[in-house]
Amino acid sequence: MSSRELIDERFADLVSELRSARLAPPPELRQRVRAIAAAPAAEPRPSLLERVRLRRAALVLVPVSLAAVVSAAMVQGLVSSGERKTVDVAVERIAPPAAEDAKPVLKAGARDREQGASLPPGRRLVDYRVQMRLRVANLDELSRATVRTMRTVRRLGGYVGSVRYSSPSVRGGDAVIVVRVPVARMQNAILAFSELGTIVSQSISLTDVQKAYDRQVEQAGRLRTLIARTERRLRDEELPASERAALELQLVRQRADLVALVRRHEATGERGRMATARLSLTTFRPPPRATAATEPSRLGRALDDSGRVLAKELLWALYGLIVAGPLLVLGLLALGARRARRRRSERQLLARVG
Amino acid sequence: MTVSGSPASTAPQERSFASVAEQHLADVHSYLLYFTGDRAVAEELTAETFERACRHWRRYDPRRASAKTWLCQIARSTALDHFRAEERRRRRETAYVRSEPVDTYEDAFGEGLSPRLEEALRSLSAGEREVIALRVILDIEVEGAARLLGISGTACTTRLHRALARLEAKVGDDVVA
């Protein structure tokens with residue numbers, strides 16, 4: 001549609017007259033413009049920002065950024081999926097093994113013991129406690145292991161505290177044996193116990209009791225001194241009857257305290273000399289871990305990790321948007337306001353210029 | 001006067017700036033004549049416009065606007081700069097400028113116009129004369145003129161209608177007087 005057709009017909013005469021005017025530029029101006037056009041264009045070299053068009057830049061930058069983000073996620077996924085193996089091994093070393101083929105775990109346990117997981121006590125008195133859970137193949141093995149445990153303990157100079165053996169069905173059973181073994185031979189005992197079956201779990205705790213033992217020795221010495229002093233005073237024949245009665249009562253208490261202290265002292269010494277081991281033997285197998293059955297391949301783990309990294313990146317992008325969003329809106333508003341102000345000032349300027 | 005409202009299909013490399021300048025000199029001159037209402041200023045600004053256009057010729061993208069519209073955009077920017085500079089100068093020299101005689105030319109808006117139309121055009125604001133120049137004299141389409149003025153197509157049409165109505169009223173007033 002021609003521009004002319006859009007102008008109101010009411011102004012046809014006016015428009016016609018306006019268009020009929022001859023508006024040729026003067027020859028001097030034409031010459032001047034020709035001279036300008038003939039001169040070599042000395043356009044200043046546009047800056048990089050001027051040369052790069054926003055749309056073109058966006059067309060390149062957006063896919064490149066997306067590719068970078070996805071690549072970073074994939075690389076991270078691949079790298080971490082490779083590292084998982086080491087982590088799993090570390091976990092297995094402390095977690096109960098899930099299947100029969102847990103020999104490496106047993107070896108790891110033995111290595112731990114050798115490397116000091118079961119620290120040999122020194123000359124100080126130590127409360128040495130061990131808890132071991134072992135799995136044996138069947139009921140026969142359970143019975144044999146129980147008997148062997150008792151024999152081993154006796155051979156090492158210890159004794160069996162308690163035994164609880166139960167086999168609720170022909171399919172399996174378990175036994176709990178609490179034994180006391182001289183601390184100095186506890187390492188031998190642990191090694192012997194670990195041969196009974198597959199170690200499912202194991203915990204060792206060492207608590208120093210030497211200080212308590214020494215304190216009890218000091219307290220006993222003080223009490224003996226007090227008793228001797230009380231006995232000396234009671235030997236005095238001129239002692240009044242009431243005071244004598246009070247001293248005799250005091251002496252009885254002091255002797256009772258000494259007896260109790262000596263018993264505690266002996267118990268502490270016993271704890272420091274004899275380690276306690278609680279051995280659980282079982283034929284039952286824990287249900288296989290669901291994760292073990294559906295353990296994903298490395299590719300699966302890589303994809304899984306990549307997804308997690310992408311999710312994190314998206315989360316960060318969202319955070320960024322939340323933080324930068326208001327600023328962006330403010331910036332856009334400022335831009336719009338600036339443009340509106342410029343147009344208004346132009347309009348006012350053109351209205352003023354007659 | 002040429003009519004080229006639609007974007008040119010040829011790249012700037014294919015057309016020399018000299019040929020474009022030759023082709024659209026009259027358009028730019030007419031536009032600035034209407035815009036400023038002053039023949040001397042219009043000639044000065046026309047030359048300045050082509051100087052600027054020559055410097056930026058490489059940046060001209062025929063897909064975005066016709067050469068005429070592009071040149072008119074530069075001309076408008078040049079004229080607005082001139083108006084602003086003039087306003088600042090007038091503010092500084094208020095006392096002098098108030099008594100400064102304004103040069104008036106006969107046939108300022110082209111030969112062949114009736115004196116009453118000349119007078120009526122002179123009484124319009126620069127903005128009103130500008131839209132008449134773009135839409136009536138240069139025959140630029142609504143969209144192109146609107147883009148150049150930085151307003152919507154409807155606003156451009158309304159502005160033209162008001163300017164022509166006012167012009168007609170002025171012409172009528174002169175006849176009655």
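Over all chains, the count of salt bridges comes to 24. The model is a predicted one, and the values below are computed from its atoms.

One of these salt bridges lies within chain A, where A:Arg308 pairs with A:Asp304 and the closest N and O atoms are 3.8 Å apart. With a cut-off of 4 Å for a salt bridge, this pair is counted at 3.8 Å. Both residues belong to helix α11 of chain A, and because they are 4 residues apart there, about one helical turn separates them.

Other salt bridges join the two chains. Between chain A and chain B the count is 6. Among them is the pair A:Arg19 and B:Asp139, whose closest N and O atoms are 3.7 Å apart. Polar contacts between chain A and chain B are found for 9 residue pairs, counting those with both residues at pLDDT 80 or more. On chain A, the elements that give two or more residues to the side touching chain B are α1 (12–20), α2 (27–38) and α11 (298–352). By class, that side of chain A holds 25 nonpolar, 3 polar and 17 charged residues.

The extent of the contact can be given in residues and in area. Chain A supplies 45 residues and chain B supplies 63 residues. Together the two chains bury about 4600 Å², with 58% of this on carbon and sulfur atoms.

Chain A also carries a nonpolar surface patch of about 780 Å². The patch is made by A:Leu315, A:Trp316, A:Leu318, A:Tyr319, A:Leu321, A:Ile322 and A:Leu328. Of these residues, A:Leu328 is placed in helix α11 of chain A, the helix that also holds A:Arg308 and A:Asp304.

Key
Residues are numbered from 1 along each chain as its sequence is written. Chains are lettered from A and ligands numbered from 1 in the order in which they are written. This is a predicted model: local features need pLDDT of at least 70, side-chain atom pairs count only at pLDDT 80 or more; totals for chains, interfaces and linings use all residues. Side-chain values use heavy atoms; hydrogens and water are left out. Contact means heavy atoms within 4.5 Å. Buried area is the accessible area (1.4 Å probe) that two parts lose on being put together, summed over both. A salt bridge is a side-chain nitrogen of Lys or Arg within 4 Å of a carboxyl oxygen of Asp or Glu. A polar contact is a pair of N or O atoms within 3.5 Å; within protein, one must be able to donate a hydrogen and the other to accept it, and residues adjacent in sequence count only if both atoms are side-chain atoms. Ala, Val, Leu, Ile, Met, Phe, Trp, Tyr, Cys and Pro count as nonpolar, Asp, Glu, Lys and Arg as charged, and the others, Gly among them, as polar. Patches are made of residues with over 30% relative accessible area and no salt bridge: like charges are joined within 9 Å, nonpolar side chains (Val, Leu, Ile, Met, Phe, Trp, Tyr) within 5 Å. Accessible areas come from the Shrake-Rupley method with a 1.4 Å probe; for residues, only the protein chains shown count as cover.
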